[in-house]
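Subject: Structure handover

Hello,

Here is the structure for your files. My notes on it follow below.

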Amino acid sequence: MSKHINLTAAEEKLAALIWREAPLTSVELTQIAEREMDWKRTTTYTVLKKLCDKGVFKNENANVSVVLTRNELIARRSRGYVEDTFGGSLPKFIASFFGGREISEEQAAELKRLIDEHKGGDM
């Protein structure tokens with residue numbers, strides 16, 4: 001599975017529907033997509049196949065299931081962005097993100113908590 005997963009606008013729409021409704025059958029998916037997005041069955045199956053090929057969902061025996069949650073996909077995209085743009089340096093990303101702006105005490109405390117939570121042990 002590729003670490004960089006980019007979805008088209010159509011893929012994003014169908015993904016949002018699947019995340020909301022899963023697990024479901026592919027027939028149920030086509031019915032919901034037709035009702036909510038006015039998509040033809042063939043369009044839904046085409047977009048679903050692309051999402052499955054990208055490793056976001058699985059369609060086995062006409063049952064559609066989630067492989068990557070929305071949050072997992074966002075985390076993967078975020079890591080890819082930091083890797084590509086900042087050479088994987090989280091401090092460089094954070095410094096760029098703040099760009100001289102101040103943060104609140106609450107935001108600073110939350111960042112410290114997250115760092116402590118994800119800090120690796122001694123190596």
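How many aromatic pairs does a search of the whole structure find? The search gives six. Please keep in mind that this is a predicted model.

Aromatic pairs

Two of the pairs are described here. A pair of aromatic rings is described by the distance of the centres and the angle of the planes.

Trp19 and Phe57 make a tilted pair, with 5.6 Å centre to centre and 50° between the planes. This pair links distant parts of the chain, as Trp19 lies in helix α1 (residues 9–21) and Phe57 in strand β2 (residues 57–60), 38 residues apart. Trp19 has a relative accessibility of 16% and therefore counts as buried. Phe57 is also buried, because its relative accessible area is 2%.

Phe93 and Phe97 form another tilted pair, at 6.1 Å centre to centre and with 35° between the planes. Both belong to helix α5 (residues 90–98); they are four residues apart, so about one helical turn separates them. Phe93 has 23% relative accessibility and so counts as partly exposed, whereas Phe97, with a relative accessible area of 52%, is exposed. Phe93 and Phe97 also belong to one aromatic cluster, together with Tyr81, Phe86 and Phe98.

Helix contacts

Helix α3 (residues 41–53) and helix α2 (residues 26–37) have axes that come within 9 Å and cross at roughly 120°. The two helices are therefore oblique to each other, and α2 passes α3 in a right-handed crossing. On the α2 side the contact is made by Ser26, Val27, Leu29, Thr30 and Ala33, and on the α3 side by Arg41, Thr44, Tyr45 and Leu48. Sorted by class, this contact has five nonpolar, three polar and one charged residues.

How do the axes of α1 and α3 cross? They come within 10 Å and cross at roughly 85°, so α1 and α3 are roughly perpendicular to each other. From α1, the residues in this contact are Ala10, Glu11, Leu14, Ala15 and Ile18; in α3 they meet Thr44, Val47, Leu48, Lys50 and Leu51. By class, the contact of α1 with α3 has seven nonpolar, one polar and two charged residues.

Thr44 and Leu48 of α3 are among the residues that touch α2, and Thr44 and Leu48 are also among those that meet α1.

Regards

Technical notes:
Residues numbered from 1 in each chain as written. Predicted model: local features only at pLDDT ≥ 70, side-chain atom pairs only at ≥ 80, totals over all residues. Heavy atoms only, no water. Axes fitted to C-alpha atoms, helices over the stretch in contact; angles between N-to-C directions. Parallel < 35°, antiparallel > 145°, perpendicular 65-115°, else oblique. Left-handed = near helix turned anticlockwise from the far one by under 90°. Contact = heavy atoms within 4.5 Å. Nonpolar A, V, L, I, M, F, W, Y, C, P; charged D, E, K, R; others polar. Phe/Tyr/Trp six-rings, centres within 6.5 Å; stacked < 30°, edge-to-face > 60°. Buried < 20%, exposed > 50% of the residue type's maximum accessible area, 1.4 Å probe, protein only.
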